[in-house]
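Have a look at it, then follow the topics below.

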Amino acid sequence: MLETIGVQSIEALFDEIPAALKITALDAVPPALSEMEVGRLLMERAARDGRPLNFIGAGAYEHHIPAPVWAIATRGEFYSAYTPYQAEASQGTLQLIYEYQSMMCGLTGMEVSNASLYDGASALAEACLMAVRANRASSSRRVLMPRAVNPTYAKVAAAIAGNQDIGFEPVDYDREQGRTLLDALQAYSGQDFTALVLQQPNFFGNLEEVGALSDWAHANKILVIAVVNPTSLALLAPPGRWGADIVCGEGQPLGIPLSSGGPYFGFMATRMQYVRQMPGRIVGRTLDVEGRPGFSLTLQAREQHIRRSKATSNICTNQGLMVTAATIYLSLLGAEGLERVAAASMQRTDDLVTALTRVKGVRAAFSAPRFHEAVLLLDRPVAPVLAALAHRGIVGGLDLGGSFPELGPALLVCATETKLDTDIGAYAAALSEVMTQSRAGAAA
Amino acid sequence: MSNIPKDLQYTQSHEWIRRLGDGQVEIGITDHAQGSLGDLVFVEVPDVGRRVKAGESCAVVESVKAASDVYSPVNGKVTASNTELASRPELLNQDPYGAGWLMRVELDAAAAAAPFLSAGDYANTLAEAAG
């Protein structure tokens, strides 16, 4: 093909790009492997992970996924990653997205949901950009970002929205309670901010006093962006009721496997008054010319294929297949099933904290009520402890040292409904052993 | 042929300007513009008190086909905006030079007279564009 178009090498096609901008690291990509070789390589790599007992959450959660979820989602009628072109020809797909949107509105207590976004972190970035468009009382393009928000989300938001001239102001958390206090926000009263991000439960798993924080924001003409865990909404007050203007989050807990970090999906919902500022696709229910009900994409005039650079977003990927699985998951569980998942996860985490804090040198970090994650403080560095646990087939949690050095050696743990008493017992026993050994090691 | 009232001034980007005296102007989009957009479903007008600069996007008109920016032809402060359009965007299709007005702006004192088009010049522009 290169010969036909008169080019020496494939690199010659990229000559227009200045050398300084090219990434030479791609030269290290090895030559192509056959299907059999790739299959073998990936099986070997997967085997290295083993089947560890997993107690890490931090944004992606291991839940039981009923077998029908993916058996149905992978049927030929559904098995596509995208909303199809000529979307209206695929009424089944559009109906599924419409049902998904209705379920997300029900869960979040909001009036309108989009058809999903790329993932939770980029959904927050999109929510910040949306808030700038929606909050006409503010001209500052500044967003209050509590430190108790998932630090990866904060980084992604800064990377995407930061390049569009949006600034982020970190708000510290209370060391004893592990949540954002109204006092910390009151330092900003009377100043011009566009939005306040509130993660509920926050990154530490703790429940923020969202009502009071949200009221403060509105009194200061600041929009409230809620980042929520959809599972938790089966138990907690929906953000629509405590005053969120934009709700976003990670949809992975709803039937999507951990899969080494993706693909997942982001969700976003808002109030009707801001619908035209919301990025992404929206499916609406309508009547055709003969009065029969049907589904169509709606409010497309602000999307990138029409509005180009002035679109509400230029990264509004809709995760069609993941949304299909989530919709099936929610349909199968129903409100009651989801509530049982949430309550069991909360109980399991409570049991885990009780068991682990019996180990000498381990204590709970915070006093605030929590959902299904908790921070533990250790009397020694976390990394070697996690490494020793990994040897015993246990993924013990996330070392918070990198993002929250002020806490000292701190470990974020999570237990969902997938963990049995014996699993929690096994973790506590292994931790006790590791802590005793490393203490003996330190003494020697 | 679209309606182009003689007593108004125009821009290349299809806005019209009506001098109200007392340093204020009323601004909207032309009959040609509304015709090209088709049935409008949503109109977003600027908040009263906002300062606008000539050439700056100050309103959005949205039809089922497209959402387009409206640019302020002048420098000044918005003294009124047509909030009626929020619930009745069709007014802009029906009466672009009357009930479909978008905003009123108090001109900055120091503002030099911008080179707007007369009705005749605007008609020529449209004729040329139509080729």
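Two residues are in contact if their C-beta atoms, placed from the backbone, lie within 7 Å. With that in mind, A:C128 touches A:V143, A:A157, A:A161, A:I166, A:A195 and A:I225, leaving aside residues up to four places away in sequence. This is a predicted model, in which local features need pLDDT of at least 70 and side-chain atom pairs count only at pLDDT 80 or more, while totals for chains, interfaces and linings use all residues. Residues are numbered from 1 along each chain as its sequence is written, and chains are lettered from A and ligands numbered from 1 in the order in which they are written.

- A:C128 is found in helix α4 of chain A; helices (H or I, at least four residues) and strands (E, at least two) are DSSP runs, numbered from the N terminus.
- A:C128 counts as buried because it has 26 C-beta neighbours inside 10 Å; a residue is buried if 20 or more other C-beta atoms lie within 10 Å of its own, exposed if 12 or fewer, and partly exposed in between.
- A nonpolar core is a set of buried Ala, Val, Leu, Ile, Met, Phe, Trp, Tyr and Cys residues joined through C-beta atoms within 7 Å.
- The largest nonpolar core has 123 residues, and those with the most contacts inside it are A:L124, A:C128, A:A131, A:V197 and A:I225.
- Helix α10 (residues 320–356) of chain A gives this core its largest share, 16 residues.
- Domain 1 (53–62 + 335–443) and domain 2 (67–329) of chain A both contribute residues, so this core lies between them; the domain bounds come from an automatic or database domain assignment.
- Another core, of 27 residues, lies apart from it, with B:I4, B:L37, B:L40 and B:L92 among its members.

**The sheet of chain A**

- In chain A, 7 strands form an open sheet in the order β2-β8-β7-β6-β5-β3-β4, with mixed pairing; two strands pair if DSSP finds at least two bridges between them.
- At the edges are β2 (112–113) and β4 of chain A, each of which pairs on one side only.
- β2(A) and strand β8 (residues 266–270) of chain A pair in the antiparallel sense over 2 bridges, and A:S113 has A:A269 in β8(A) as its bridge partner.
- Strand β3 (residues 142–146) of chain A is mostly covered, with 4 of its 5 residues buried.
- β3(A) runs parallel to strand β4 (residues 167–171) of chain A, joined by 5 bridges, and A:L144 has A:E169 in β4(A) as its bridge partner.
- From β3(A) the chain crosses through helix α5 (residues 151–161) of chain A to β4(A), in a right-handed β-α-β crossover; right-handed means that, with the strands pointing away from the viewer, the path from the first strand over the helix to the second runs clockwise.
- β3(A) also runs parallel to strand β5 (residues 195–200) of chain A, joined by 2 bridges, and A:V143 has A:A195 in β5(A) as its bridge partner.

- The C-alpha centres of domain 1 of chain A and domain 2 of chain A lie 29 Å apart.
- The contact between them takes 24 residues from domain 1 of chain A and 22 residues from domain 2 of chain A.
- On the side of domain 1 of chain A that touches domain 2 of chain A, the largest share, 7 residues, comes from α10(A).
- The residues of that side of domain 1 of chain A divide into 15 nonpolar, 5 polar and 4 charged; Ala, Val, Leu, Ile, Met, Phe, Trp, Tyr, Cys and Pro count as nonpolar, Asp, Glu, Lys and Arg as charged, and the others, Gly among them, as polar.

**Loop residues to look up**

- A:S138 lies in the loop between α4 (120–134) and β3 of chain A, and is buried, with 20 other C-beta atoms within 10 Å.
- A:S138 and A:T194 are 56 residues apart along the chain, with their C-alpha atoms separated by 5.4 Å.
- A cis peptide bond joins A:Q200 and A:P201, with omega about -10°; A:P201 lies in the loop between β5 and α7 (210–219) of chain A.
- A:S116 has a positive phi of about 105° although it is not a glycine, and A:S116 counts as buried, with 28 C-beta neighbours inside 10 Å.
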